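Look over the sequence and the model below. Then read on for a short tour.

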Amino acid sequence: MPAAAASASRLILTSLHEVMASRAHAQAKLNRVVDSIGEGLDSEVCSIYLLREGMLELFATRGLAQEAVHVTRMAVGEGLVGTIARNVETLNLAEATAHPDFSYRPETGEDKFHSFAGVPIVRREQAVGVLCVQHVDPRRYEEVEIETLQTVAMVLSELIDNAGLVDEEEAWSASPLMTGPQHLTGLTLVKGLASGAAVFHQPRVTIEHVVAEDTEAERQRVFLAFDKMREQIDRMASQAEFGVGGEHEEVLQTYKMFAYDEGWARRINEAIDSGLTAEAAIERVQQRTRMRMRQIDDPLLADRMHDLEDLANRLLRIVSGQLGTAASQGLRGDTILIARNLGPAELLEYDRRRLKGVVLEEGSLTAHVVIVARAMGVPVLGRVRGLRGVVRDGDPLLLDADQGTVTVRPLPAVVEAFEARFAKNRERQAAYARLREVEPFTKDGTRITVMINAGLRDDVPNLALTGADGIGLFRTEFQFLVSATLPARERQTRLYRDVLEAAGDRPVVFRTVDIGGDKVLPYLRHTGGELEENPAMGWRAIRIALEREGLLKVQARALLEAAAGRTLNVMFPMVTEPWEFDAARDVFESQRLFLKNQKKQMPDAIRYGAMLEVPSLAEQLDILAPRLSFLSIGTNDLTQFLFAADRSNPKLAERYDWISPSILRFLRRVLGTMAGHPADITVCGEMGGRQVEALALLGVGIRRLSITPAAVGPIKELVRKVDLAEITDAMNRWLASPPPSLREALIAWAAARDIQFD
Ligand code: PEP
Ligand code: MG
């Protein structure tokens, strides 16, 4: 904005500031506002229309007939004023009557005016009114004049809000996108149904003050906020998805581009120069960009717009100090959380009783946040495009993650149908629950072991609820993820002991901490040395444990003490070469000796196992096998490495099918290598909890599964219907000569035997 325009705008703002601070009645204030704008812009007419009872009513005018005030009313979408409000966009016309939407109102006496410019008065992204100027001469208003009007409109929105002149709800009701029911689709990440109110993980910032007291101070605030934001983005970019749960490179690159865009910073500073606070200036520039973008119909640009919105919101949060997530404010009722993406630790901060579902714009099946949600029993729908464009905070939502949909502001009939499905779903769950006491034997009499995956104290009751055979994978790092600091040994011991006690006779397999990758511990990050380009293949799991031996020693002692008098099953994640297993076992053994010398009671037996997650281990499995009590195949990581496809990258979420000859042949080969060794072999990745995948696993010879608790019922039901000899036979044929889709072949095979999948 050139200096002259900035100063005109500042003059107007100063006078508005005075008006707002005065004790005058709202109507008197509006009258003074139109006068000072008209004068400041040297415009013959200046009018304010506000939304009342669904109509845009002329509230104040300079230059039009005063008799028209509170008489002239227009519907949203009617006439020029109505068009501005409906489209939430500016009009700038040299000849108003030439516009197709022009509608003549004789009572206003406006026939002598030719030029017309109007801007929406926006509150929370919806028009609550229109500010317009008119002139006798047919001329287009200059860009700078329009900018001034837009800035003034922002201030007006504060005045209007403070004076309670319009009902915001009315504004929403003018926008079908934000009011009517909307049906969105996405990718099912965790199945289930839920209803609740939408809550944004990162709430929108509310701007309290629009007019600045001290322009220099506002400039300084924005300067510091930019600095901080750039620092954050640089850190995120250098960590790739490490800790931010999948904000993948492209997004980060765009963030970076915007964060360093001098033009953006300059425009914000110009808006501050015109008299706005830092917050208002950021919002003001954002509004303008939004309006420009709206005129360009390009989905790619729309995506970038989301990125910029995200960043502007981040900048606003920094500048206003409103940094907390919805978790820190607490959830009030049944909630469905809305986010672009989340980290596992962020999700764990939410109150589990109130969090009913999660809808993400990104997300992938094996991202840890999804695993955590699955463990929490919270349905998750991912990859929902344009979510934040149609959902408002507090909107009622129906999440149907079974079908991959979410309905925003559903109609009563839809709610009814949903409730009916909900009830049916509950019935099905109850039917599964009845399988609790039933042992999963296949049709031809083989007992399949079905265990659960767990990680938190709250997960343990699932053992009793599902009747599972034990906990096949206890992710000990979850305790680390939910703590603000490294959990002390006593706390670890207490958790492990409680878990073992609750499990009773059933085995629990504790996995030593698997941190790194997308499970980042803030308190460990900085001591971890350089940031990594490729955290999933980086310093994680047993690699950290062996290097920071203190961590493993403490955990070893905690586990050994907790399992006193019982059998301790312990396994090491991400074993890549046999020596890593040996080294980790040695740490445990030396701790065992140490505790024994201290006359502490020891476990009756210790069984050591390795996770097979890194393909290289398969090539040396024959060497390691004799030393293993058990082997647990972590298909989440294993498949990411076999396919060379980052498990957190939403773009790859649907690209490769787990039911692939590559995976299944690989698993069959592993089973072949292990044949003749007494070690148990379990699959503990997410794939074992999905019915079609589980059928494939049975077909290659897997007999032990450790799965998410909600899947125990469906998997038991499947097992009981399967003839192992038959599926093994079919699988041998398919793997020898793969059909075009192995998944389809399995589904058809099952259908022919009256096996239905959920
Ligand atoms: C796996 O990789 O399959 C696994 C079970 O471990 P996590 O998902 O915790 O990495
Ligand atoms: Mg893993």
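A residue counts as buried when its relative accessible area is under 20%. By that rule, Thr635, Asn636, Asp637, Leu638, Thr639, Gln640 and Phe641 of helix α26 are buried. That makes seven of the eight residues in α26, so the helix is mostly covered. The model shown here is predicted.

**The whole protein**

Start with the overall picture. The protein has 758 residues, and 57% of them count as buried. Its fold holds 31 helices and 22 strands. Along the principal axes, the C-alpha atoms fill a box of roughly 100 × 60 × 40 Å.

**Around ligand 1**

Now turn to the ligand. How many residues surround ligand 1? There are 16, and the closest are Arg475, Arg511, Glu613, Asn636 and Arg647. Sorted by class, this shell has seven charged, five polar and four nonpolar residues.

Which elements each supply at least two residues of the shell? They are helix α14 (368-376), strand β16 (471-475) and helix α26 (635-642). Of the elements, α26 gives the most, with three residues.

How much of ligand 1 does the protein cover? On its own, the ligand has 290 Å² of accessible area, and the protein covers 100% of that. The space that ligand 1 takes is the second largest cavity.

**After α26**

Follow the chain past this helix. Just after α26, Ala644 takes a positive phi of about 50°. Arg655 lies in the loop between α26 and α27 (661-674). Is Arg655 buried or exposed? Its relative accessibility is 58%, so Arg655 counts as exposed. The side chain of Arg655 makes a polar contact with the side chain of Tyr656, at 3.3 Å. Arg655 can also be placed relative to Phe643: the two are 12 residues apart in sequence, and their C-alpha atoms are 9.9 Å apart in space.

**A buried helix**

Helix α28 covers residues 691-700. Why is α28 described as largely enclosed by the rest of the structure? The reason is that 10 of its 10 residues are buried. Among them are Gln691, Glu693, Leu697 and Gly699. Gly701 follows α28, and its phi is positive, near 115°.

**Two loops with a positive phi**

His70 is not a glycine, yet its phi is positive, at about 65°. This residue sits in the loop between strands β2 (55-62) and β3 (73-75). With 31% relative accessibility, His70 counts as partly exposed.

Arg383 is another residue other than glycine with a positive phi, near 55°. Where is Arg383? Its place is in the loop between strand β12 (380-382) and helix α15 (387-390). At 29% relative accessibility, Arg383 counts as partly exposed.

**Two buried residues in helices**

Gln479 belongs to helix α18 (residues 477-482). Its relative accessible area is 8%, so Gln479 is buried. A polar atom of the Gln479 side chain lies 3.3 Å from the backbone oxygen of Arg491.

Met20 is found in helix α1 (residues 3-21). Why does Met20 count as buried? Its relative accessible area is 19%, and the cut-off for buried is under 20%. Along the chain, Met20 and Glu158 are 138 residues apart.

To finish, return to α26. This helix gives the most residues to the shell around ligand 1. Asn636 is one of the closest residues to the ligand, and Asn636 is buried within α26.

Key:
Residues numbered from 1 in each chain as written. Chains lettered and ligands numbered in written order. Predicted model: local features only at pLDDT ≥ 70, side-chain atom pairs only at ≥ 80, totals over all residues. Heavy atoms only, no water. Near = heavy atom within 4 Å. Areas by Shrake-Rupley, 256 points an atom, 1.4 Å probe, with all protein chains shown as cover. 1 Å grid on protein atoms, 1.4 Å probe; cavity = no way out; pocket = protein on both sides within 12 Å on 5 of 7 lines; lining within 4 Å. Sits in = over half its atoms within 2 Å of the grid points. Helix = DSSP H or I, 4+ residues; strand = E, 2+ residues; numbered from the N terminus. Nonpolar A, V, L, I, M, F, W, Y, C, P; charged D, E, K, R; others polar. Buried < 20%, exposed > 50% of the residue type's maximum accessible area, 1.4 Å probe, protein only. Polar contact = N/O pair within 3.5 Å; in protein donor to acceptor, adjacent residues only side chain to side chain.
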